[in-house]
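Me: I'm new to this one. Could you walk me through how its helices are arranged?

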Amino acid sequence: MQALLEVTLPVFLVIGFGYLAVRLRAFSDAGVDGLMKFTQNFAIPCLLFRAISTLDLGQSFEWPLLFSFYAGATAGFLTGILGARVIFNRPWPDSVAIGFCCLFSNSLLLGLAITERAYGEAALAANYAIIAVHSPFCYALGITTMEIVRHGGRGIFTMIRAVLAAMFRNALVIGIALGFAVNLSGTELPGVFTEAVDLMVRAALPAALFGLGGVLVRYRPEGDLLTVLFICAVALGLHPAITWSLGTAFGLESAPFRSAVLTAAMAPGINSYIFANMYGVAKRVAATAVLVATALSILTVSVWLTILG
């Protein structure tokens, strides 16, 4: 147990430092906004660009790895929608936003940090393969479903345009796309450029975790508690359980298997709230789910680490 706490606690302590700094007014809301803008729009896209530009695509992009993770994510999305609609009687747009909370794991800020602390930097290749597909897949699925629910009669081309516009305004997607362009073209980048990018990369995760803590101050534990607990059960339990089962059935090797299950076990990311806010539906539930699930994941991630061995 002590070893598990040594893996997970430092990550959540950095989040806690950010939370306390803002809560005690030692760090301003404007400072948090600036920090998150830096990490989300610059530092983390640099991290993704650098990782994917040097990734062995043939070895890392195994279909059993991606299928195991994304089948679990899709099952969580559908379970979230149906549960919100049938059990909690939410309107369809609310149900899609709740489903998105069950779909979008915090694969970057928590997934990368915890996997690296648990298994070392060399274990992150599978994480980057999952992350490379994560935003495009989740936004395409979420936005398409929401557009069908809200404006199903507008036509398929209007929906495709809305999906592509939302995806390619995202700095993370741009960083991923540039990384693939460099990797596939075999372009040799100048050493001075890669060193500059690496300086940005080293700042990405600690700054983002601190900023995440500051952002969580804005969220209050309010909204429909049973709905929030339902989201937590799907995101922290069902998704990793399905990924575990499929990864075992496909005989995934140890390193990608651990990366897939751990990433699936992460709490909903802040993008869950951004998605709800973008459509103006289920915002309180999404915000509360991010807060509560992040707190609960201190325990649940330790459980999954114990199961993984």
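Reply: The expected span of a helix is 1.5 Å times one less than its number of residues, and helices are DSSP runs (H or I, at least four residues), numbered from the N terminus. This is a predicted model, where local features need pLDDT of at least 70, side-chain atom pairs count only at pLDDT 80 or more, and totals for chains, interfaces and linings use all residues. Residues are numbered from 1 along each chain as its sequence is written, and side-chain values use heavy atoms, with hydrogens and water left out.

Me: How far apart are the end C-alpha atoms of helix α7?

Reply: Helix α7 covers residues 125-151, which is 27 residues. At 1.5 Å a residue it should span 39 Å, and the distance between its end C-alpha atoms agrees: 39 Å.

Me: Where does α7 bend?

Reply: A bend at a residue is the angle between axes fitted to the seven residues ending there and the seven starting there. In α7 that angle is about 40 degrees, and proline 136 follows within four residues of the spot. The bend sits at histidine 134.

Me: Is α4 roughly parallel or oblique to α7?

Reply: Axes are lines fitted to C-alpha atoms, for helices over the stretch in contact, and angles run from 0 to 180 degrees between N-to-C directions. Helix α4 (residues 63-87) packs on α7 at about 30 degrees, with the axes 11 Å apart. Angles under 35 degrees count as roughly parallel, over 145 as roughly antiparallel, 65 to 115 as roughly perpendicular and the rest as oblique. So α4 to α7 is roughly parallel.

Me: What is the angle between α6 and α10?

Reply: Helix α6 (residues 107-119) and helix α10 (residues 191-216) have axes 10 Å apart. That pair is oblique, at an angle of about 125 degrees.

Me: Which residues of α10 does α6 touch?

Reply: From α6, the contact uses Leu108, Leu109, Leu110, Leu112, Ala113 and Glu116. Their partners in α10 are Leu205, Ala208, Leu209 and Leu212.

Key
Helices (H or I, at least four residues) and strands (E, at least two) are DSSP runs, numbered from the N terminus. Contact means heavy atoms within 4.5 Å.
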